[in-house]
Amino acid sequence: MKKRYIALIAVIGIIIGWITLGGTQAVLHATSSTEFCVSCHTMQKPLAEYQGSVHFSNQKGIRAECADCHIPKDPIDYLITKVRASKDIYHEFVTGKIDTDAKYEDHRLAMAETVWGQMRENDSATCRSCHSLDAMETYDQSASAQKMHLYGKENNQTCIDCHKGVAHFAPQATLDTSAFDHLFDMAKNTKADAVKVYPIETIKMADLATINPTVELTTVANKDNQRTVMVSGYQMKGAESVIYMGEGQRSIIATLTDAGIKALKLGEAKTDAYGNQWRSAELTGTIDAPVLASNQPLWDYAEELDNVYCATCHAKIPANHFTVNSWGPVAKSMGARTDISELNLEILTKFFQNHAKDVATHQ
């Protein structure tokens with residue numbers, strides 16, 4: 001009899017365990033479906049963003065569901081993620097934390113940073129369940145994508161460092177517009193006898209040239225609020241209408257008029273390894289635009305531009321990762337994806353180029 005009771009208890013225990021574990025598994029599975037995830041009112045906004053992304057509809061016909069991106073396959077990480085998600089139910093039915101578009105936007109950055117942090121912790125495990133650097137055919141990628149994937153691999157970056165706005169809109173950082181105006185306030189304190197000065201925006205040098213922002217100018221004289229300055233750089237044969245930052249470095253610091261070309265003081269021409277002829281070039285003329293006595297405020301402003309327009313979408317790339325010549329097209333292509341102004345893009349590009357790999361190594 002005892003054996004029968006023991007067997008009966010064992011069977012009942014197995015049944016209860018099966019129902020409990022099986023039921024739990026069924027619940028976990030059901031609550032991981034896309035249908036369940038988007039069933040709440042507050043998920044309608046991210047649903048619309050997801051439906052407009054390449055992870056929802058693409059030429060390959062492969063769709064990533066919510067769980068594919070947000071729930072790791074590792075059993076422990078899976079359970080941890082499900083427990084964390086329970087707070088979403090609380091906010092949905094109790095606090096109404098993101099139950100309007102305005103509230104959602106107010107919390108978009110915080111929510112995104114939470115997800116980004118979790119993905120960094122697990123090395124973008126959900127991304128890597130489908131994507132692998134080793135399996136990528138980089139020859140089919142754009143030149144900039146090839147560079148970025150190589151950079152990420154060499155610097156142990158994870159997928160989410162760069163792909164922050166893949167299925168949902170990345171939070172939009174806001175630029176403090178007063179920061180740029182403050183540069184002009186600082187320029188009012190630039191002394192007349194300041195030897196090195198830096199324009200805040202594109203300026204005219206009399207009828208000789210247009211000088212780009214951040215370019216170092218040497219003061220020759222100052223009279224009646226009109227400063228006589230000299231800009232120094234290099235001229236390349238075949239491109240006589242511009243002055244470049246350095247020999248072989250195609251970062252334009254001044255664009256010349258016909259009168260400016262004639263007024264140039266030129267050095268002896270030298271031929272580089274690519275057959276291009278370069279010679280030093282100096283131009284002296286008058287300016288009456290505001291200038292700074294240090295370029296540091298401009299670089300500080302450029303760092304802020306980097307944070308707003310670059311680091312919002314991907315990890316910050318050190319300026320010394322690319323050369324002067326590489327930064328030009330890289331910054332231009334990235335800038336085209338944002339609403340950055342032409343002036344701000346020029347300041348940001350000059351920041352990168354003045355701290356580039358082939359400049360930093362010579363400082």
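Which residues in H12 are buried? In this predicted model, local features require pLDDT of at least 70 and side-chain atom pairs count only at pLDDT 80 or more, whereas totals for chains, interfaces and linings use all residues. Residues are numbered from 1 along each chain as its sequence is written, and side-chain values use heavy atoms, with hydrogens and water left out.

Helix H12 spans residues 296-310; helices (H or I, at least four residues) and strands (E, at least two) are DSSP runs, numbered from the N terminus. The 15 residues of H12 reach 20 Å from the first C-alpha to the last, close to the 21 Å expected at 1.5 Å a residue, the expected span being 1.5 Å times one less than the number of residues. The buried residues of H12 are Pro297, Leu298, Trp299, Tyr301, Ala302, Leu305, Asp306, Val308, Tyr309 and Cys310, where buried means under 20% relative accessible area, exposed over 50%, and partly exposed in between (1.4 Å probe, protein chains only). Their cover includes helix H10 (178-187), strand S1 (196-199), strand S11 (291-292) and helix H14 (342-354).

Helix H5 (residues 75-95) contains tyrosine 90, which is partly exposed at a relative accessible area of 46%. Together with Ile89, Phe93 and Val94, Tyr90 forms a nonpolar surface patch of about 470 Å² of accessible area. Patches are made of residues with over 30% relative accessible area and no salt bridge, with like charges joined within 9 Å and nonpolar side chains (Val, Leu, Ile, Met, Phe, Trp, Tyr) within 5 Å; a salt bridge is a side-chain nitrogen of Lys or Arg within 4 Å of a carboxyl oxygen of Asp or Glu. Accessible areas come from the Shrake-Rupley method with a 1.4 Å probe, and for residues only the protein chains shown count as cover. Threonine 81 also lies in H5 but is buried, at 15% relative accessibility. Its contacts (heavy atoms within 4.5 Å) include His70, Ile71 and Pro72, not counting residues up to four places away in sequence.

The disulfide count is 0, a disulfide being a pair of cysteine sulfur atoms within 2.5 Å. The sulfur of cysteine 127 lies 4.6 Å from the closest cysteine sulfur, that of cysteine 159, and is therefore too far for a bond. Cysteine 159 is partly exposed, at 21% relative accessibility.

Asparagine 156, although not a glycine, has a positive phi of about 55°. This asparagine 156 is found in the loop between helix H8 (143-154) and helix H9 (159-162) and is exposed, at 73% relative accessibility.
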